[in-house]
Amino acid sequence: MSNYTVNVTTEELAKTLGFSILENGRGSVPLCSRNISRPGLQFTGYFEHFDHTRIQVIGMAEHEYMNSLPMDFTLKVFTELFKRNIPCLIVSRNLKIAPEILELAKEYGCPVFGSEQITTHLINQAYSYLSRLLAKETMVHGVLVDVSGVGILLEGDAGIGKSEIALELINRGHRLVADDCVIIRLINDNLTGTAPEKIRDYMEIRGLGIINIQTMYGPGSVRKEKGIDIVVKLERWDEKKEYDRIGDIDFTENILGVDVFQLLIPVTPGRNIPTIIETAAKKYRLKQVGYDAAHELLGKVLR
């Protein structure tokens, strides 16, 4: 369950998920839980431990059982259901709902939607939508790129060259996700980054101005979102500072409660930072399958 509520209009929810509106109800759907329920047990009259914050879905089993009950008992059950202010009711497979039930929904202000999908597909689609809508979110200053399938977030002081490094990576066939401003969401315990809608595909290059990456390099040069695997912190070279030269210790940065692998890369004239980042992506993928060059070398030395 989320710690806040998002109100979505019935028209917006119907358009996004491909539903038909059977009853508009209050005209909006308050959403604060990504969980979805099928009210089978409630059709027996049992409402103990009922979570009223969840969307309720009626599938074939609930529909057939509902039709086997006397209408007066069915209306009593739906009265109990609607008066608890559930977000909405969705009926799958274009199953028919009695007009009396829709009248009750109107009386209590509960939106009712219809869907042609089978129940399992409907629930999966709705859960995916709710997971994104209710995800924890933060915004960071940086550049997010997809390098050989690895999501790399570039961070560093203004003017250090994040966008120029990303531009060179795009020239080498990698993809831009977001420049300057990255929206990060926690979806199903994974961090996903994207760009604000208005500045998606655009980059600012000092001395050159604004460029549109998709227009300039083609659709394959951008992607809408990407999971964040590595945070690369760029800083100007400090001769008094000791930088990692072996790579046998993993450093992390915590974003929205998730620890992300972090690299600190010093920037100085003559260092080919895009090549270093490409190598970091390849090293990360090798570590994912169990190979670590630093540990291998240290093992040889110790032996």
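I21 stands opposite F113 in strand 7. Strand 7 covers residues 112-114 and pairs with strand 2 in the antiparallel sense, over 3 bridges. Strands pair here if DSSP finds at least two bridges between them. Strands (E, at least two residues) and helices (H or I, at least four) are DSSP runs, numbered from the N terminus.

This is a predicted model: local features need pLDDT of at least 70, side-chain atom pairs count only at pLDDT 80 or more, and totals for chains, interfaces and linings use all residues. Residues are numbered from 1 along each chain as its sequence is written, and side-chain values use heavy atoms, with hydrogens and water left out.

- An open sheet of 5 strands has mixed pairing and the order 2-7-6-5-4.
- Its edge strands are strand 2 (20-23) and strand 4 (36-37), each of which pairs on one side only.
- Strand 10 and strand 17 run parallel and are paired over 5 bridges. In this pair, L154 stands opposite V232 in strand 17.
- Strand 17 is also joined to strand 19, in parallel, by 7 bridges. Here R236 stands opposite V267 in strand 19.
- Strands of a sheet pair through backbone hydrogen bonds, either parallel or antiparallel.

**Nonpolar cores**

- A nonpolar core is a set of buried Ala, Val, Leu, Ile, Met, Phe, Trp, Tyr and Cys residues joined through side-chain atoms within 4.5 Å. Buried means under 20% relative accessible area, exposed means over 50%, and partly exposed lies in between (1.4 Å probe, protein chains only).
- The largest nonpolar core has 28 residues. V145, I152, L176, M203, I213, L234 and I277 touch the most other members.
- At least two residues of this core come from each of strand 9 (143-147), strand 10 (150-156), helix 6 (162-171), strand 14 (202-205), strand 17 (230-236), strand 19 (258-267) and helix 8 (273-288).
- Helix 6 gives the most to this core, with 5 residues.
- L176 touches residues including V143, L144, V145, I170, M203, I213 and R223, leaving aside residues up to four places away in sequence. Contact means heavy atoms within 4.5 Å.
- A second, separate core has 21 residues, among them F78, I101, C110 and V112.
- In soluble globular proteins, nonpolar side chains tend to be buried together.

**Salt bridges**

- A salt bridge needs a side-chain nitrogen of Lys or Arg within 4 Å of a carboxyl oxygen of Asp or Glu. By this rule the count is 16.
- D146 and R223 form one through their side chains, at 2.8 Å from N to O. D146 lies in strand 9 and R223 in the loop between helix 7 (213-217) and strand 16 (225-227), so the pair ties together parts that are 77 residues apart in sequence.
- D146 is buried, at 4% relative accessible area. R223 is partly exposed, at 29%.
- The side chains of D229 and K226 also meet in a salt bridge (3.9 Å, N to O). K226 is buried, with 12% relative accessibility.
- K241 and E235 are joined by a salt bridge of 3.2 Å, N to O. K241 is partly exposed, at 35% relative accessibility.
- E80, K83 and R84 are linked in a network of salt bridges.

**Surface patch**

- I199, Y202 and I210 make up a nonpolar surface patch, with about 290 Å² of accessible area together.
- Patches are made of residues with over 30% relative accessible area and no salt bridge; like charges are joined within 9 Å, and nonpolar side chains (Val, Leu, Ile, Met, Phe, Trp, Tyr) within 5 Å. Accessible areas come from the Shrake-Rupley method with a 1.4 Å probe, and for residues only the protein chains shown count as cover.
- I199 sits in the loop between strand 13 (190-194) and strand 14. I199 is partly exposed, with a relative accessible area of 35%.

- T119 is found in helix 5 (residues 119-133). T119 is buried, at 5% relative accessibility.
- Beyond residues up to four places away in sequence, T119 touches R38, V57, G59, M60, S92 and R93.
- R93 has a phi near 55 degrees, a positive value in a residue other than glycine. R93 lies in the loop between strand 6 (89-91) and helix 4 (99-108), and is partly exposed at 39% relative accessibility.
- D180 is not a glycine, yet has a positive phi of about 75 degrees. D180 lies in the loop between strand 11 (175-178) and strand 12 (181-187), and is partly exposed at 37%.
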